[in-house]
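Let's take a friendly walk through this structure, starting with a helix and moving on to some charged pairs. Have a look at the model first.

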Amino acid sequence: MKINQNLFCISLGLHYLCGKLSSYTNRTMEEYIVSARKYRPTTFDSVVGQLALTTTLKNAVRSGKLAHAYLFCGPRGVGKTTCARIFAKAINCMTPTDDGEACGHCESCQAFNEQRSLNIFELDAASNNSVEHIKTLMEQTRIPPQVGKYKVFIIDEVHMLSTQAFNAFLKTLEEPPAHVIFILATTEKHKILPTILSRCQIYDFERMTVQSTIDHLKYVAEKEGIQYEDEALAVIAEKADGGMRDALSIFDQAASFCQGNITYQKVIEDLNVLDADNYFSIIDLSIENKVSDVMVLLNSVINNGFDAGQLIQGLARHVRNVLMAKDEVTLPLLEVSRQQAERYKEQAKKCDTRFLYEALRLMNQCDINYRQSANKRLLVELTLIEIAQITQLDDTPAAGRRPKRLKNLFKQLIQQPRQQKPAPQVAAAQVAEKKVGGASPIATSRTQLKKKIGISFGSLLNAGKLQQMTESEEKPEKEEASSFTDEDLQFQWLSMCNRMPEQLVGIANRMKMMKPVITVFPAVEVVAENQLAGEELEKIHRRIVKTLQKNLHNTAITLSIRIAEHKGFVRSLSRREHYEELEKKNPSVGKLREMFDLELA
């Protein structure tokens, strides 16, 4: 019997201890509140980064000039719902302060603080977006408030309402009862019907600046007794991208990882953020044209688990910040901490503006092509190589660098007469010519065949020298009146088309299809296939005439342009197509072309 009594007492004691432990654990768990909720503003003055907006709302409360509908819009986590609650509390406060804040002591304020107010209703439109939900809400607007002056309806994420729900809401919003005020909040204002927007006072909330976010995080860290580094808080603020709620959530995460001492290295490790020192190093190495060191640094970044595309995006933001830091006027556009701004200013002194422009262009192009690229790493490597060679001198040799003077060198080679290797038959003819002392039959036949079939590319190079046509071509020094034939005219016409500049390549190709003829010497006529081609010829008419006068040595040449009359659709054949038709009718022509190694112009 005593044993049973002892066991009963022990069980009671264990039950009591378990109850105490459970209550202590529950109390401890309940005491922890995330920073975004714990430090949520309760007055207008405690709202961060929205000074102009909160001042307007306080003035409205103080003067009593209240609208019947408000629309709070802006990005996430900037205080839209928080300001709506503060505004609703101040509207119903029985003894508001002189500056428009709620007193916090009256019955209405106490009911709001204890979440038992019957005058303030919150509706989440994301989950209550049907017509029935809106009709139920509209029925509540008929009942006047029991305590306070107004019934305030806060509808969050109002853009999620269906079109039918918006239409059901529209009539009440247009003519609400005198005791009703609507406060709508949304992140996507463009999705709301214009008829709704026209009936609301619209307040646009701003994104949080990096510096204001850092200052608020410092305030929270000091309240919580957490040590921190300014650079670490700057990384958190940049990662939050203008949202205070996001910044506080990241702050809690970093505080848990760092165990009460938030350092820069631990934050970038926890958030998987690439160290900004890498960006500074890449730009410094690129200015010094140290391509190899840039490649080594890129390999190190990739081996640490970072994506090459992420590096390019971060480097583009970095170069943009360096560009903004070059001028005191654009310095406020930097969304970084004060310490980082000083580093950007120091690097901006070493960077040429043209280098920054070109680097931004290259990285933007890389970012566009990155997703479609099959070899993403190679694309990033080529981009960084080009960036590292922007400031390199033209005569400095570098592996993998394309010479800037290659284009000019190529033009010089083109302008020189090209020495073609003679075909075996031609070589034999030349030997025979030297022995006999006159022109060989083969050479004579080839010359005659050229006149009949066409002109070789080598002849065009030697005759024209491929000089570009310009509007300011020199006029003949003296009057000339040399005679010329249709063959001479067509030869010079084709040569002119071949050396026309690149911007006129379209009309040049059309001109090759045309055949100029001599009407009454030295008047020349050319037939354009349509009105558009004729208008393009008219634009360069004077340049064509000057060129023909100079190359045909006749200053009296005139050019008339006539539009062809199309009786039916007949496609004009090109010179090559004419030759192919001729070769089909007479195969011996093709054999002669092969024998003499002729090329068609």
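## Before we start

A residue is called buried when its relative accessible area is under 20%, exposed when over 50%, and partly exposed in between, using a 1.4 Å probe and protein chains only. Helices (H or I, at least four residues) and strands (E, at least two) are DSSP runs, numbered from the N terminus.

What you see is a predicted model, where local features need pLDDT of at least 70, side-chain atom pairs count only at pLDDT 80 or more, and totals for chains, interfaces and linings use all residues. Residues are numbered from 1 along each chain as its sequence is written, and side-chain values use heavy atoms, leaving out hydrogens and water.

Helix H4 runs over residues 80-92, which makes 13 residues. From its first C-alpha to its last it reaches 19 Å, close to the 18 Å expected at 1.5 Å a residue (the expected span is 1.5 Å times one less than the number of residues).

Twelve of those 13 residues are buried, so the rest of the structure largely encloses H4. Among the buried ones are Cys83, Ile86, Phe87 and Ile91, and even Lys80 and Lys89 are on the list. What does the covering? It includes helices H3 (51-63) and H5 (107-113), plus strands E1 (69-73), E2 (120-124), E3 (151-156) and E4 (180-186). Contact here means heavy atoms within 4.5 Å.

Side chains of opposite charge can pair when their charged atoms come close. A salt bridge is counted when a side-chain nitrogen of Lys or Arg is within 4 Å of a carboxyl oxygen of Asp or Glu. The whole structure has 21 of them.

One joins the side chains of Arg85 and Glu122, at 2.7 Å from N to O. Arg85 sits in helix H4 and Glu122 in strand E2, so this pair ties together parts that are 37 residues apart in sequence. Arg85 is partly exposed, at 26% relative accessible area, and Glu122 is partly exposed too, at 45%.

## Two more pairs

Arg199 and Glu174 also meet in a salt bridge, at 3.5 Å from N to O. This pair links distant parts of the chain, 25 residues apart: Arg199 is in the loop between helix H8 (194-197) and strand E5 (201-204), while Glu174 belongs to helix H7 (residues 163-174). Arg199 is partly exposed at 23%, as is Glu174 at 37%.

Arg116 has a relative accessible area of 39%, and Glu107 comes in at 42%.
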